[in-house]
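Please have the sequence and the model open as you read.

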Amino acid sequence: MIQINNPEYLVEDDSLIISTIFEIDNRENELWYKLPKKYRSFLITETLDAYLVGLLFLGLKTGNDIHVKGSVSARLFYSINHYVIPALCLSNPTYVKIKISATNLSRNNFNEMGAGSTGLSCGVDSLATYYDSRLEAEGYGIQYFTFFNVGAHGEFGGENARALYNKRLDEVKGFANEEEKEIIPIDSNLSEILEMKFQQTYTLRIISCVLLLQKGIKIYYYASGTRFDHFSFNNAEIADMDMLLVPNLSTESTQFYPSALQYTRFERTALISNEPATYKYLNVCVHSHLTTNKINCSECYKCMRTLITLEALGKLEEYQQVFDLMKYKKNKNLYLGRVLSRKKKLTLDDELLKFLKDKNQKISWRAYLYSWKIRQYRIRKKIFKNR
């Protein structure tokens with residue numbers, strides 16, 4: 001059994017640390033979140049929703065039922081027991097179908113500010129979510145950005161992840177300032193507690209942070225990495241379940257929407273490429289922590305996919321401030337050769353090739369040559385392995 005106790009607050013300089021002691025197998029541990037003191041009015045103290053969602057994967061992994069020694073939003077409680085847990089167990093047979101209990105269920109709406117918000121990483125999905133929703137009708141627009149340290153900067157946490165989180169936070173502040181919006185940053189030790197792969201767990205990690213802010217945030221647009229027709233119970237990538245999971249983590253106070261589900265990755269890139277601010281701040285790189293003179297490394301798979309898309313859209317030169325275009329042009333054919341060589345292509349590989357065809361973009365003979373060489377290498381490697 002995992003028992004989650006009522007949280008405690010500690011003011012430290014300009015920060016507020018909110019933590020809960022939870023018990024598992026008769027051992028105590030602490031889950032904490034840290035945010036600027038100025039957002040204290042956003043914090044909810046009446047429910048323990050955030051801690052329940054944050055620790056849910058720990059229960060699924062260890063097979064421990066979870067008891068919340070306090071209040072949980074009734075809507076969230078029902079959805080987790082009836083939809084979220086069964087869905088996650090279908091996606092991963094190693095998870096144990098646990099039960100959630102609570103001392104009290106709350107049916108109250110605690111939201112006081114009615115604000116709309118979304119996460120800001122300055123990636124394609126993040127920016128597409130913002131530009132798609134920023135001008136919605138009153139009550140549904142975006143007034144605040146969020147930025148969390150719960151695994152995106154290092155899935156197992158630690159000081160290196162925290163340093164990268166702080167570096168990236170400084171980088172995205174430029175975009176937020178241009179849009180005249182505040183960023184609500186939250187640091188946490190959730191990654192150290194879960195010790196699980198980020199790709200399989202990040203939806204709940206992110207939403208746990210938002211659930212701390214229910215008095216301020218009424219609407220939260222969760223930047224989904226997939227499209228409607230990509231839905232599946234895929235253990236390797238929790239994003240394929242966004243359409244089911246995200247709305248079912250809503251409460252009486254805060255509504256979650258998985259956003260940009262109507263667009264392919266390439267349609268999202270086209271959407272943001274019409275916004276000049278992205279020419280300075282677009283950051284898609286998986287190796288951005290290793291780059292020096294540019295935000296993006298310009299050669300990882302995410303950089304290459306984005307750059308090929310921008311070139312087909314006629315927008316490549318606009319992004320020379322954040323990409324090394326010479327490095328991209330040098331590696332483009334090799335990257336396309338790798339994509340073409342895959343017998344079982346990823347969904348985004350197929351979409352990329354279709355996008356290029358639709359845009360009448362011819363693939364160079366050099367890419368096909370690379371593809372042939374890569375396939376031949378794999379065949380030889382397989383033969384030698386079986387000898």
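## Aromatic cluster

Ring pairs join Y130, Y131, F145, F175 and Y281 into a cluster. The model is predicted. It holds 18 aromatic pairs.

One of these pairs is F145 with F175. The geometry is tilted: 6.1 Å centre to centre, with 50° between the planes. F145 sits in strand β8 (residues 144–149), F175 in helix α4 (residues 159–178). The two are 30 residues apart, and the pair links distant parts of the chain. Both F145 and F175 are buried.

## An edge-to-face pair

Y220 and F256 also pair. Their ring centres are 6.0 Å apart. Their planes meet at 65°, so the pair is edge-to-face; the cut-off is over 60 degrees.

Y220 belongs to strand β10 (residues 217–223) and F256 to strand β11 (residues 255–259), so the contact ties together parts 36 residues apart in sequence. Y220 has 2% relative accessibility, so it counts as buried. F256 is buried too, with a relative accessible area of 0%.

## A charge over a ring

R40 lies over the face of Y9. The distance to the ring centre is 6.0 Å.

## The second largest pocket

Which residues line the second largest pocket? They are T264, F266, E267, A270, E351, K354, F355 and D358. Two elements each give two or more residues to this lining: α8 (265–272) and α12 (347–358). The largest share, four residues, comes from α12.

By type, the lining has four charged residues, three nonpolar and one polar. The space in this pocket is about 160 Å³.

Notes. Residues numbered from 1 in each chain as written. Predicted model: local features only at pLDDT ≥ 70, side-chain atom pairs only at ≥ 80, totals over all residues. Heavy atoms only, no water. 1 Å grid on protein atoms, 1.4 Å probe; cavity = no way out; pocket = protein on both sides within 12 Å on 5 of 7 lines; lining within 4 Å. Points joined across faces, edges and corners; volume = space filled by probe spheres on them. Nonpolar A, V, L, I, M, F, W, Y, C, P; charged D, E, K, R; others polar. Phe/Tyr/Trp six-rings, centres within 6.5 Å; stacked < 30°, edge-to-face > 60°. Buried < 20%, exposed > 50% of the residue type's maximum accessible area, 1.4 Å probe, protein only. Lys NZ or Arg CZ within 6 Å of the ring centre and 35° of its normal.
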